[in-house]
Amino acid sequence: GAVVSQHPSRVICKSGTSVKIECRSLDFQATTMFWYRQFPKQSLMLMATSNEGSKATYEQGVEKDKFLINHASLTLSTLTVTSAHPEDSSFYICSARAQGGYEQYFGPGTRLTVT
Amino acid sequence: QKEVEQNSGPLSVPEGAIASLNCTYSDRGSQSFFWYRQYSGKSPELIMSIYSNGDKEDGRFTAQLNKASQYVSLLIRDSQPSDSATYLCAVKSLETSGSRLTFGEGTQLTVNP
């Protein structure tokens with residue numbers, strides 16, 4: 001149980017384009033999903049928290065107009081990186097939390113490369 | 001002071017030994033504690049959760065919690081080379097809003113064959 005999927009696993013895009021990453025909880029309903037970014041050899045950095053049906057809460061320093069998050073259902077959240085730049089190249093990981101618990105289950109991550 | 005602190009390592013142990021990973025946290029009111037394992041290039045995987053003082057065992061893993069000392073540890077018995085990874089301590093702190101966890105920066109463990 002507690003399986004979270006992400007799609008795509010890898011994506012290469014040109015500078016200036018947008019990329020959408022999907023995060024799905026496969027066997028539980030996720031009232032809250034989290035989006036993290038991790039640069040090589042660095043720790044996880046929380047970007048935003050999204051609750052189903054409401055606006056995401058962004059961490060300080062994360063541009064909400066650049067990183068669009070939608071959590072339209074209890075099993076799906078999406079992160080769209082708009083007008084991507086090479087410095088946005090990173091490992092993007094989502095996690096999901098079921099209602100009533102604090103355990104977070106991570107997706108396998110999406111490696112984004114912006115050329 | 002960081003909210004969740006871990007020794008960055010690297011911690012190196014021989015195969016078959018006990019690996020001991022430590023974590024301290026600053027918010028005395030924290031109630032939920034987690035250990036994640038992250039292999040290089042992969043996402044974190046939840047391996048243990050602990051909520052009350054004492055020990056919790058799951059196979060070769062034992063989590064230990066001491067709320068009075070604000071300390072949580074993870075012991076790995078009979079360490080295997082496949083245990084080589086970065087171990088992240090995570091805490092649900094009363095100081096943070098909502099359901100977010102605060103992660104330590106991780107301890108890199110290497111188990112030598």
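A:Gln104 counts as buried, because its relative accessibility is 0%. The model in which this residue is described is a predicted one. A:Gln104 lies in the loop between E9 and strand E10 (105-106) of chain A.

**Surroundings of A:Gln104**

- The side chain of A:Gln104 makes a polar contact of 2.9 Å with the side chain of A:Tyr36.
- Another polar contact, of 2.7 Å, joins the side chain of A:Gln104 to that of A:Ser95.
- Leaving aside residues up to four places away in sequence, A:Gln104 touches A:Phe34, A:Tyr36, A:Ser95 and A:Ala96 in chain A, and B:Tyr36, B:Leu46, B:Ser99, B:Arg100 and B:Leu101 in chain B.

**A sheet in chain B**

- Chain B contains an open sheet of five strands in the order E1-E3-E8-E7-E6, with antiparallel pairing.
- Its edge strands are E1 (4-6) and E6 (54-58) of chain B, each of which pairs on one side only.
- On average, neighbouring strands of this sheet are turned by 20° against each other, direction ignored.
- Strand E7 (residues 61-66) and strand E8 (residues 71-76) of chain B run antiparallel and are joined by six bridges.
- B:Ala63 has B:Leu74, in E8(B), as its bridge partner.

**Salt bridges**

- Side chains of opposite charge can pair when their charged atoms come close.
- Over all chains, the structure holds six salt bridges.
- One of them joins the side chains of A:Asp88 and A:Lys66, at 2.8 Å from N to O.
- This pair links distant parts of the chain, 22 residues apart: A:Asp88 is in the loop between strand E8 (76-81) and strand E9 (90-98) of chain A, and A:Lys66 is in the loop between strand E6 (57-58) and strand E7 (67-73) of chain A.
- A:Asp88 is buried, with a relative accessible area of 5%, and A:Lys66 also counts as buried, at 11% relative accessibility.
- In chain B, the side chains of B:Arg37 and B:Glu45 meet in a salt bridge of 2.9 Å, N to O.
- B:Arg37 is buried, with a relative accessible area of 12%, whereas B:Glu45 is partly exposed, with a relative accessible area of 36%.
- B:Arg60 forms a salt bridge with B:Asp83, and the closest N and O atoms of this pair are 2.9 Å apart.
- B:Arg60 lies in the loop between E6 and E7 of chain B and B:Asp83 in the loop between E8 and strand E9 (85-92) of chain B, so the pair ties together parts that are 23 residues apart in sequence.
- B:Arg60 counts as partly exposed at 28% relative accessibility, whereas B:Asp83 is buried, with a relative accessible area of 1%.

**Aromatic pairs**

- The structure holds nine aromatic pairs over all chains.
- One of these is the tilted pair of B:Tyr25 and B:Phe33, with 4.8 Å centre to centre and 45° between the planes.
- B:Tyr25 counts as buried at 3% relative accessibility, and B:Phe33 is buried with a relative accessible area of 0%.
- B:Phe34 and B:Tyr51 form an edge-to-face pair, with 6.0 Å centre to centre and 85° between the planes.
- That pair links distant parts of the chain, 17 residues apart: B:Phe34 is in strand E4 (residues 32-38) of chain B, and B:Tyr51 is in the loop between strand E5 (45-50) and E6 of chain B.
- B:Phe34 is buried, with a relative accessible area of 0%, whereas B:Tyr51 counts as partly exposed at 35% relative accessibility.
- Ring pairs link A:Tyr36, A:Phe106, B:Tyr36 and B:Phe103 into a cluster.

Conventions:
Residues are numbered from 1 along each chain as its sequence is written. Chains are lettered from A and ligands numbered from 1 in the order in which they are written. This is a predicted model: local features need pLDDT of at least 70, side-chain atom pairs count only at pLDDT 80 or more; totals for chains, interfaces and linings use all residues. Side-chain values use heavy atoms; hydrogens and water are left out. Two strands pair if DSSP finds at least two bridges between them. Helices (H or I, at least four residues) and strands (E, at least two) are DSSP runs, numbered from the N terminus. Axes are lines fitted to C-alpha atoms, for helices over the stretch in contact, and angles run from 0 to 180 degrees between N-to-C directions. A salt bridge is a side-chain nitrogen of Lys or Arg within 4 Å of a carboxyl oxygen of Asp or Glu. Buried means under 20% relative accessible area, exposed over 50%, partly exposed in between (1.4 Å probe, protein chains only). A polar contact is a pair of N or O atoms within 3.5 Å; within protein, one must be able to donate a hydrogen and the other to accept it, and residues adjacent in sequence count only if both atoms are side-chain atoms. Contact means heavy atoms within 4.5 Å. Rings of Phe, Tyr and Trp (its six-membered ring) pair if their centres lie within 6.5 Å; planes under 30 degrees apart count as stacked, over 60 as edge-to-face and the rest as tilted.
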